[in-house]
Amino acid sequence: MYVAYRGIKSQTRSFANSVSADLALKLLHDFDSEVSRKRRSRVADALLKKIDLVEVDELFDMFESVGLFVRKGMLDTEIAHSFFFHWVNLYWVAGKHIIEEKRKGAADLWSDFEFLYKALLKIEMARDARSRFINPSDDLIRACLEEELQ
């Protein structure tokens, strides 16, 4: 009986990992689409110029969805880190002023985006405590946003 239980548990874990990887690949495909890359370029430009743009909200909403999937266990945190840490970190840090301003009217706004940011940052810190992305300089954020313009 115990052997059967372990076998089922192993198959369930394997299936969950497969679903998580499939979800991550679909999210990454959408994130890297031509439309999304153009949106990210406009968002990066707006953040560099410190102007509000509706598409900033749309991008943050996408990270909110990824954060929800991670928080609910539908997307493995390490997979999310591998696929999205660079952009989650970049847009959280670069957009923090927008998030803080908009939270004045909705305190819980982008809470799963924040959850995602903190969870992925924790992994980054565990993997490389000296990572330049843990406390990125303004120059690094600017350079990364400028890369998004291309």
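Ten aromatic pairs are counted in this chain, where rings of Phe, Tyr and Trp (its six-membered ring) pair if their centres lie within 6.5 Å. The structure is a predicted model, in which local features need pLDDT of at least 70 and side-chain atom pairs count only at pLDDT 80 or more, while totals for chains, interfaces and linings use all residues. Residues are numbered from 1 along each chain as its sequence is written, and side-chain values use heavy atoms, with hydrogens and water left out.

**Aromatic pairs**

- The rings of phenylalanine 31 and phenylalanine 63 have centres 5.8 Å apart and planes at 55°, so this pair is tilted; planes under 30 degrees apart count as stacked, over 60 as edge-to-face and the rest as tilted.
- This pair links distant parts of the chain, since phenylalanine 31 is in helix H1 (residues 2–31) and phenylalanine 63 is in helix H3, 32 residues apart.
- Both phenylalanine 31 and phenylalanine 63 are buried, where buried means under 20% relative accessible area, exposed over 50% and partly exposed in between (1.4 Å probe, protein chains only).
- The rings of tryptophan 92 and tyrosine 117 have centres 5.4 Å apart and planes at 20°, so this pair is stacked.
- Tryptophan 92 lies in helix H4 and tyrosine 117 in helix H5 (residues 111–127), so the pair ties together parts that are 25 residues apart in sequence.
- Tryptophan 92 is buried, with a relative accessible area of 4%, and tyrosine 117 also counts as buried, at 14% relative accessibility.
- Ring pairs join a cluster of residues, among them Phe31, Phe63, Trp92 and Tyr117.

**The chain as a whole**

- The chain has six helices and zero strands; helices (H or I, at least four residues) and strands (E, at least two) are DSSP runs, numbered from the N terminus.
- Of the 150 residues in the chain, 37% are buried.
- The accessible surface of the chain is about 9,200 Å², and carbon and sulfur atoms hold 55% of this surface; such areas come from the Shrake-Rupley method with a 1.4 Å probe, and for residues only the protein chains shown count as cover.
- Among contacts in the chain with a separation of 6 or more, 72% are between residues 24 or more positions apart, contact meaning heavy atoms within 4.5 Å.

**Packing of H2 and H3**

- Helix H2 (residues 34–49) packs with helix H3 (residues 54–71) at an angle of about 120°, and their axes are 9 Å apart; axes are lines fitted to C-alpha atoms, for helices over the stretch in contact, and angles run from 0 to 180 degrees between N-to-C directions.
- On the H2 side the contact is made by Arg39, Arg40, Arg42, Val43 and Ala46, and on the H3 side by Glu55, Val56, Glu58 and Leu59.
- The residues of this contact comprise four nonpolar, no polar and five charged, with Ala, Val, Leu, Ile, Met, Phe, Trp, Tyr, Cys and Pro counted as nonpolar, Asp, Glu, Lys and Arg as charged, and the others, Gly among them, as polar.

**Two residues of helix H4**

- Histidine 86 lies in helix H4 (residues 77–102) and is partly exposed, with a relative accessible area of 28%.
- Not counting residues up to four places away in sequence, histidine 86 touches Phe133 and Cys144.
- Histidine 86 and leucine 120 are 34 residues apart in sequence, and their C-alpha atoms are 9.4 Å apart in space.
- Asparagine 89 is also placed in helix H4 and is buried, with a relative accessible area of 1%.
- Leaving aside neighbours within four places in sequence, asparagine 89 is in contact with Tyr117, Leu121, Phe133 and Pro136.
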